[in-house]
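Colleague: Before we go through a few labels, could you show me the sequence and the structure?

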Amino acid sequence: MRVSVIGGSKISDEQYRQARTVGRLLAKADHEVVCGGLTGVMEAVCRGANDEGGHTIGILPGERRAAANDYIDTVVATGLGNARNVLVVMNGAAVIAIDGKAGTLSELGHALDMGRPVAGLGTHELDELDGIEHVDSPKAAVEHVESTV
(Lines give C-alpha, C1' and ligand atoms only; values in the text may rest on other atoms or scores of the structure.)
Protein backbone atom coordinates (compact mmCIF):
# COMPACT_ATOMS: atom_id res chain seq x y z
CA MET A 1 0.00 0.00 0.00
CA ARG A 2 1.09 3.58 -0.59
CA VAL A 3 0.95 5.83 2.46
CA SER A 4 1.18 9.60 2.18
CA VAL A 5 3.23 11.16 4.96
CA ILE A 6 2.75 14.88 5.44
CA GLY A 7 4.23 17.37 7.86
CA GLY A 8 6.45 20.28 8.59
CA SER A 9 9.50 21.25 6.58
CA LYS A 10 11.16 22.72 9.70
CA ILE A 11 10.95 20.31 12.61
CA SER A 12 12.63 19.47 15.91
CA ASP A 13 15.12 16.65 16.37
CA GLU A 14 12.41 14.63 18.14
CA GLN A 15 9.96 15.09 15.26
CA TYR A 16 12.71 14.07 12.84
CA ARG A 17 13.25 10.88 14.85
CA GLN A 18 9.51 10.16 14.87
CA ALA A 19 9.20 10.68 11.11
CA ARG A 20 12.25 8.54 10.42
CA THR A 21 10.76 5.78 12.57
CA VAL A 22 7.47 6.02 10.67
CA GLY A 23 9.42 5.57 7.43
CA ARG A 24 11.23 2.51 8.78
CA LEU A 25 8.00 0.93 9.99
CA LEU A 26 6.22 1.56 6.70
CA ALA A 27 9.09 0.07 4.70
CA LYS A 28 9.33 -2.97 7.00
CA ALA A 29 5.65 -3.60 6.28
CA ASP A 30 6.26 -3.28 2.50
CA HIS A 31 4.43 0.02 2.12
CA GLU A 32 5.58 2.77 -0.23
CA VAL A 33 5.98 6.31 1.09
CA VAL A 34 4.52 9.30 -0.78
CA CYS A 35 5.47 12.79 0.35
CA GLY A 36 6.18 16.32 -0.82
CA GLY A 37 9.82 15.44 -1.47
CA LEU A 38 11.56 18.27 0.37
CA THR A 39 12.95 18.74 3.91
CA GLY A 40 11.83 18.09 7.49
CA VAL A 41 9.23 15.36 7.88
CA MET A 42 9.48 14.56 4.17
CA GLU A 43 13.22 13.96 4.33
CA ALA A 44 13.07 12.05 7.61
CA VAL A 45 10.32 9.64 6.56
CA CYS A 46 12.12 8.91 3.29
CA ARG A 47 15.42 8.41 5.07
CA GLY A 48 13.76 5.93 7.41
CA ALA A 49 12.14 4.08 4.52
CA ASN A 50 15.49 3.95 2.71
CA ASP A 51 17.10 2.54 5.87
CA GLU A 52 14.85 -0.50 5.44
CA GLY A 53 15.03 -0.75 1.64
CA GLY A 54 11.61 0.82 1.07
CA HIS A 55 10.49 2.84 -1.94
CA THR A 56 9.83 6.58 -1.71
CA ILE A 57 7.95 8.93 -4.01
CA GLY A 58 8.40 12.70 -3.80
CA ILE A 59 5.85 15.00 -5.43
CA LEU A 60 7.64 18.33 -5.67
CA PRO A 61 6.06 21.78 -5.79
CA GLY A 62 8.58 23.07 -8.34
CA GLU A 63 9.90 22.08 -11.74
CA ARG A 64 13.41 21.10 -10.63
CA ARG A 65 13.82 17.39 -9.93
CA ALA A 66 17.16 18.20 -8.30
CA ALA A 67 15.30 19.95 -5.46
CA ALA A 68 14.19 16.58 -4.05
CA ASN A 69 15.77 15.39 -0.83
CA ASP A 70 18.49 12.72 -1.12
CA TYR A 71 16.17 9.91 -0.01
CA ILE A 72 13.57 10.13 -2.79
CA ASP A 73 13.58 7.19 -5.21
CA THR A 74 10.92 8.45 -7.62
CA VAL A 75 10.82 12.22 -8.15
CA VAL A 76 7.75 13.88 -9.64
CA ALA A 77 8.31 17.55 -10.49
CA THR A 78 5.00 19.38 -10.87
CA GLY A 79 5.56 23.12 -11.11
CA LEU A 80 2.28 23.47 -9.20
CA GLY A 81 3.51 25.01 -5.96
CA ASN A 82 1.30 24.12 -3.00
CA ALA A 83 -1.40 22.90 -5.39
CA ARG A 84 0.68 19.72 -5.49
CA ASN A 85 -0.63 18.99 -1.96
CA VAL A 86 -3.71 17.43 -3.55
CA LEU A 87 -1.47 15.02 -5.48
CA VAL A 88 0.50 14.05 -2.38
CA VAL A 89 -2.69 13.01 -0.60
CA MET A 90 -4.38 11.50 -3.66
CA ASN A 91 -1.50 9.11 -4.27
CA GLY A 92 -1.71 7.43 -0.88
CA ALA A 93 -4.39 5.06 0.38
CA ALA A 94 -3.98 6.62 3.84
CA VAL A 95 -2.22 9.60 5.43
CA ILE A 96 0.10 10.03 8.40
CA ALA A 97 0.51 13.65 9.52
CA ILE A 98 3.45 14.67 11.70
CA ASP A 99 3.62 18.25 13.00
CA GLY A 100 3.05 20.79 10.24
CA LYS A 101 1.81 24.28 9.55
CA ALA A 102 -0.52 25.68 6.85
CA GLY A 103 0.60 23.30 4.07
CA THR A 104 -0.05 20.29 6.28
CA LEU A 105 -3.41 21.73 7.26
CA SER A 106 -4.41 21.98 3.60
CA GLU A 107 -3.30 18.38 3.02
CA LEU A 108 -5.37 17.26 6.01
CA GLY A 109 -8.39 18.99 4.49
CA HIS A 110 -7.81 17.21 1.18
CA ALA A 111 -7.36 13.87 2.95
CA LEU A 112 -10.62 14.24 4.85
CA ASP A 113 -12.41 15.40 1.70
CA MET A 114 -11.12 12.33 -0.18
CA GLY A 115 -12.09 10.00 2.65
CA ARG A 116 -8.53 8.91 3.38
CA PRO A 117 -7.85 7.46 6.84
CA VAL A 118 -5.59 9.85 8.76
CA ALA A 119 -3.28 9.24 11.71
CA GLY A 120 -2.06 12.42 13.39
CA LEU A 121 1.17 12.45 15.37
CA GLY A 122 1.59 15.86 17.02
CA THR A 123 -0.30 17.59 14.23
CA HIS A 124 -3.30 19.92 14.00
CA GLU A 125 -6.18 19.10 16.35
CA LEU A 126 -9.36 19.79 14.44
CA ASP A 127 -12.03 19.07 17.04
CA GLU A 128 -14.89 20.04 14.79
CA LEU A 129 -13.86 17.53 12.14
CA ASP A 130 -14.05 13.77 12.37
CA GLY A 131 -11.54 11.62 10.61
CA ILE A 132 -8.17 12.27 12.25
CA GLU A 133 -7.06 9.60 14.70
CA HIS A 134 -4.56 11.30 17.01
CA VAL A 135 -1.90 8.84 18.12
CA ASP A 136 1.09 9.04 20.43
CA SER A 137 3.74 7.01 18.60
CA PRO A 138 5.03 6.13 15.14
CA LYS A 139 3.96 2.52 15.70
CA ALA A 140 0.39 3.57 16.54
CA ALA A 141 0.28 5.78 13.42
CA VAL A 142 1.27 2.91 11.14
CA GLU A 143 -1.07 0.49 12.89
CA HIS A 144 -3.97 2.92 12.48
CA VAL A 145 -3.55 3.37 8.74
CA GLU A 146 -3.03 -0.37 8.23
CA SER A 147 -6.18 -1.22 10.16
CA THR A 148 -8.39 1.26 8.31
CA VAL A 149 -7.53 0.59 4.67
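Colleague: Where is the place of Asp-30?

Modeller: Asp-30 sits in the loop between helix 1 (13-28) and strand 2 (32-35), where helices (H or I, at least four residues) and strands (E, at least two) are DSSP runs, numbered from the N terminus. This is a predicted model, in which local features need pLDDT of at least 70, side-chain atom pairs count only at pLDDT 80 or more, and totals for chains, interfaces and linings use all residues. Residues are numbered from 1 along each chain as its sequence is written, and side-chain values use heavy atoms, with hydrogens and water left out.

Colleague: Why does Asp-30 count as exposed?

Modeller: Buried means under 20% relative accessible area, exposed over 50%, and partly exposed in between (1.4 Å probe, protein chains only). Asp-30 has 69% relative accessibility and therefore counts as exposed.

Colleague: What makes the phi of Asp-30 worth a remark?

Modeller: Most residues other than glycine have a negative phi. Asp-30, although not a glycine, has a positive phi of about 65°, and Asp-99, also not a glycine, has a positive phi of about 60°.

Colleague: Why does Asp-99 count as buried?

Modeller: Asp-99 lies in the loop between strand 5 (94-98) and helix 4 (102-113), and its relative accessibility is 13%, so it counts as buried.

Colleague: Why is Cys-46 called buried, too?

Modeller: Cys-46, in helix 2 (residues 41-51), has 0% relative accessibility and therefore counts as buried. Leaving aside neighbours within four places in sequence, Cys-46 is in contact (heavy atoms within 4.5 Å) with residues including Val-33, Cys-35 and Tyr-71.
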